[in-house]
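Open the structure in your viewer and get ready to select a few parts. We will go from the whole chain down to one helix.

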Amino acid sequence: AGPGRGQRGARVRRALIVQGYPAFDAPLVAFAFRRAGYLVDLIEHTWLEPQKFAEYDVVVYDGSFLRAKIEPSRFNTEDYPILRNYLEQGGQLILMRERYDLFAGDEGQKFLASLLGSNTRRKFAELTLQQPNHPWLKHLRGGTPDWLPCKNVSLIRHEQGSSVIGSPGGSALLEAPVGRGRLIYVGWVPSASMPHGRVPGTVDDERRFEEQVQVI
């Protein structure tokens, strides 16, 4: 089945969220896409063959497949032409923190480098808003938020693509066009800032969390 149609024949946009373990941000991402009018499917602890990506406008990966003991736990050589075609035809692939591990191995690293280039020389430095006027950050009003550095951050190295939040060595938030589509990397865990019920949250705690949810 391809993308469905809603009232008056309007095309229904579809998003898929594939969850490993732990996938703490998956509920936030699902909420964001539903709020934007997407039909959202979530699958957990199950590998999805990339041939199925064509049914979705956006595919999101959150959580480790190795820790979830899911096989396969990464893309293989036969998957890369399918992935490239999906992106070039307008699909979007969103990788949450550390999900560049889906491209482990020599072939996977070559494929990722073909999308992002390689950046192995620069050292990571303090995170800053590389594009404070970017639409994803406009709610911050151009100021550096006090939740930087992000909790549990893991940067992705790149030479190509547009760094939204990052350092000269890599990005915590990266947007990389691929044909008519794009690859997006979110390298921290916004849900880690969620105020918890056991300890009363402050107004600032709520604001920090809300600002990160708005980025998502």
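The tour below starts with the whole chain.

This is a predicted model, where local features need pLDDT of at least 70, side-chain atom pairs count only at pLDDT 80 or more, and totals for chains, interfaces and linings use all residues. Residues are numbered from 1 along each chain as its sequence is written, and side-chain values use heavy atoms, with hydrogens and water left out.

**Whole chain.** Show the protein chain as a cartoon. It has four helices and eight strands (DSSP runs numbered from the N terminus: helices are H or I, at least four residues; strands are E, at least two). From the N terminus on, they run β-α-β-β-α-β-α-β-β-β-β-α. The C-alpha trace spans about 50 × 45 × 35 Å along its principal axes.

**The sheet.** Colour the strands. Eight of them form an open, mixed sheet in the order E2-E1-E3-E4-E8-E7-E6-E5 (strands pair if DSSP finds at least two bridges between them). Its edges are E2 (39–44) and E5 (128–129), each pairing on one side only.

**E3 and E4.** Select 58–62 and 92–95. These parallel strands are joined by four bridges. Val 60 stands opposite Ile 94 in E4.

**Helix H2.** Select 79–88. Which residues of H2 are buried? They are Asp 79, Tyr 80, Leu 83, Tyr 86 and Leu 87 (buried means under 20% relative accessible area, with a 1.4 Å probe and protein chains only). Down the axis of H2, they fall within an arc of 125°, so they line one face (the arc is that of the directions from the helix axis to the C-beta atoms).

**Last stop.** Just after H2, select Gly 90: its phi is positive, about 115°.

Terms used. Buried means under 20% relative accessible area, exposed over 50%, partly exposed in between (1.4 Å probe, protein chains only).
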